[in-house]
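Colleague: I have a new model to go through. Can we take it step by step?

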Amino acid sequence: VRIVQAEPSLSRTATLASAWLPVRPGAETALCYGVLAGLGKAPEGWSVERAAEESGVAGERIAATAKMLAEGRSLAIGGAGLEESTHEALAAINAV
């Protein structure tokens, strides 16, 4: 299982993860929408580029995360202090 940790600072959990996405505080939902955009399943108006701008995570890293998921590798995305809308976006990723 590949673990992607999305949070603003490099925590112990992030150091143990396969990848760390240094997301801007409060922008976790935008990051999730970017991953969905990379899968062609984003809500209307969302793209990898918009997600990169809003989340502070490079578009290439968002696209690489989506690619890992599309290739069928096991993938878990986590973060600290996630809002309800982020949980909904993560559920949408898991449904893909």
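Predicted model: local features only at pLDDT ≥ 70, side-chain atom pairs only at ≥ 80, totals over all residues.

Colleague: Which pattern does the chain follow along the sequence?
Modeller: The secondary structure comes to five helices and three strands. Read in sequence order, they give β-α-β-α-α-α-β-α.

Colleague: What percentage of contacts between residues at least 6 apart join residues at least 24 apart?
Modeller: Start with burial: of the 96 residues, 40% count as buried. Then take the contacts between residues at least 6 apart in sequence. The share that joins residues at least 24 apart is 54%.

Colleague: Which element gives the largest share of the largest nonpolar core?
Modeller: That core has 19 residues, and Leu21, Val23, Leu31, Val57 and Ile62 touch the most other members. Strand S1 (2–6), strand S2 (19–21), H2, H3 and H4 each supply at least two residues of this core. The largest share is four residues, and it comes from H4.

Colleague: Which residues does isoleucine 62 touch, leaving out those up to four places away in sequence?
Modeller: Ile62 is one of the core residues that touch the most other members. Leaving out residues up to four places away, the contacts of isoleucine 62 are Leu31, Gly34, Val35, Val48, Ala51, Ala52, Ser55 and Val57.

Colleague: Is H2 mostly covered or mostly open, and which of its residues are buried?
Modeller: H2 is mostly covered, with eight of its eleven residues buried. Glycine 40 follows H2 and has a positive phi, near 75 degrees. The buried residues of H2 are Glu28, Thr29, Ala30, Leu31, Cys32, Gly34, Val35 and Leu36.

Colleague: Why do the buried residues of H3 line one face of the helix?
Modeller: The residues in question are Val48, Ala51, Ala52 and Ser55. Seen down the axis of H3, they line one face because they fall within an arc of 100 degrees. In general, an α-helix has 3.6 residues a turn, so residues three or four places apart point the same way. For H3, the value is an arc of 100 degrees.

Colleague: What do the buried residues of H3 pack against?
Modeller: The face turned away from the buried side carries the exposed residues Glu49 and Glu53. After H3 comes glycine 56, with a positive phi near 85 degrees. The buried residues of H3 pack against H2 and helix H4 (59–70).

Colleague: Is tryptophan 46 buried or exposed?
Modeller: Tryptophan 46 is in the loop between H2 and H3. Leaving out residues up to four places away in sequence, tryptophan 46 touches Ala30, Tyr33, Ala37, Ala51 and Glu54. Its relative accessibility is 17%, and the cut-off is under 20%. Therefore tryptophan 46 counts as buried.

Colleague: How far is the charged end of arginine 50 from the centre of the ring of tryptophan 46?
Modeller: The charged end of arginine 50 sits over that ring. The distance to the ring centre is 3.7 Å.

Colleague: Does glycine 45 count as buried or exposed?
Modeller: Glycine 45 is in the loop between helix H2 (28–38) and helix H3 (48–55). Glycine 45 and tyrosine 33 are twelve residues apart in sequence and 9.9 Å apart in space, C-alpha to C-alpha. Exposed means over 50%, and glycine 45 has 55% relative accessibility. Therefore glycine 45 counts as exposed.

Methods
Residues numbered from 1 in each chain as written. Heavy atoms only, no water. Buried < 20%, exposed > 50% of the residue type's maximum accessible area, 1.4 Å probe, protein only. Contact = heavy atoms within 4.5 Å. Arc of directions from axis to C-beta. Lys NZ or Arg CZ within 6 Å of the ring centre and 35° of its normal. Core = buried A, V, L, I, M, F, W, Y, C linked by side-chain atoms within 4.5 Å.
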